[in-house]
Amino acid sequence: MKANSIRIWECIFVLAAVSYALRVLPLTLIRKPIQNRFVRSFLYYIPYATLSVMTVPAIFSVTSNPLAGIAALILAGLTAWFPSNLFLSAAVASIAVLIVQMLV
């Protein structure tokens with residue numbers, strides 16, 4: 001039992017060290033502004049890619065019916081495409097899930 005407890009603390013320490021290093025190394029290694037257009041555009045889109053990678057699988061796995069997730073994704077995408085706010089897109093997606101869950 002004691003060996004498992006030590007192993008868990010070792011894993012937590014390694015995860016904390018890696019997480020800290022990933023945040024500190026760019027600050028210490030890159031001191032000048034980035035001039036390369038490709039790298040700047042790549043770094044610009046990282047938050048959007050990360051958000052979509054976390055959100056899209058959750059859309060399909062959170063509902064009991066994948067059809068409801070597909071309907072919510074399509075309708076939220078359509079409302080987000082046109083000038084509107086985030087609340088409207090989320091509300092439309094939630095209502096779509098509710099309706100599809102009731103019908104199916």
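Student: How far does the backbone oxygen of Leu51 lie from a polar atom of the side chain of Thr55?
Tutor: Bear in mind that this is a predicted model, where local features need pLDDT of at least 70 and side-chain atom pairs count only at pLDDT 80 or more, while totals for chains, interfaces and linings use all residues. Residues are numbered from 1 along each chain as its sequence is written, and side-chain values use heavy atoms, with hydrogens and water left out. Thr55 is in helix α2, helices being DSSP runs of H or I with at least four residues and strands being E runs with at least two, numbered from the N terminus. From the Thr55 side chain to the backbone oxygen of Leu51, the gap is 2.7 Å.

Student: Is Thr55 buried, partly exposed or exposed?
Tutor: The cut-offs are simple: buried is under 20% relative accessible area, exposed is over 50%, and partly exposed is in between, using a 1.4 Å probe and protein chains only. Thr55 has 34% relative accessibility, so it counts as partly exposed.

Student: Which helices give two or more residues to the lining of the largest pocket?
Tutor: Thr55 is among the residues nearest the centre of that pocket, together with Ile59, Leu73, Ala76 and Leu86, out of 20 lining residues. On a 1 Å grid over the protein atoms alone, a pocket is an open set of points with protein on both sides within 12 Å along at least five of seven lines, unlike a cavity, where a 1.4 Å probe fits but cannot get out; lining residues have an atom within 4 Å of a point. The helices you want are α2 (37-61), α3 (66-81) and α4 (86-103).

Student: Which residue's side chain makes a polar contact with the side chain of Thr79?
Tutor: Thr79 sits in helix α3, and its side chain also has a polar atom 3.0 Å from the backbone oxygen of Ala76. A polar contact is a pair of N or O atoms within 3.5 Å; within protein, one must be able to donate a hydrogen and the other to accept it, and residues adjacent in sequence count only if both atoms are side-chain atoms. At 3.2 Å, the side-chain partner of Thr79 is Ser89.

Student: Which residues does Ser89 touch, leaving out those up to four places away in sequence?
Tutor: Ser89 belongs to helix α4, and with a relative accessible area of 9% it is buried. Contact here means heavy atoms within 4.5 Å. By that rule, and skipping residues up to four places away in sequence, Ser89 touches Ala76, Thr79, Ala80 and Ser84.

Student: How far apart are the C-alpha atoms of Thr63 and Gln101?
Tutor: Thr63 is in the loop between α2 and α3, and its 13% relative accessibility makes it buried. Thr63 touches Gln101, as well as Ala68, Gly69 and Val97, not counting residues up to four places away in sequence. Along the chain Thr63 and Gln101 are 38 residues apart, yet their C-alpha atoms are separated by 8.4 Å.

Student: And how far is Pro33 from Met102, C-alpha to C-alpha?
Tutor: Pro33 is in the loop between α1 and α2, and it counts as exposed at 60% relative accessibility. Leu78, in helix α3, is 45 residues from Pro33 along the chain, with 37 Å between their C-alpha atoms. Pro33 and Met102 are 69 residues apart in sequence, and in space the distance is 53 Å.

Student: Which residue forms a salt bridge with Glu10?
Tutor: The structure holds 1 salt bridge, meaning a side-chain nitrogen of Lys or Arg within 4 Å of a carboxyl oxygen of Asp or Glu. With the closest N and O atoms 3.9 Å apart, the partner of Glu10 is Arg7.
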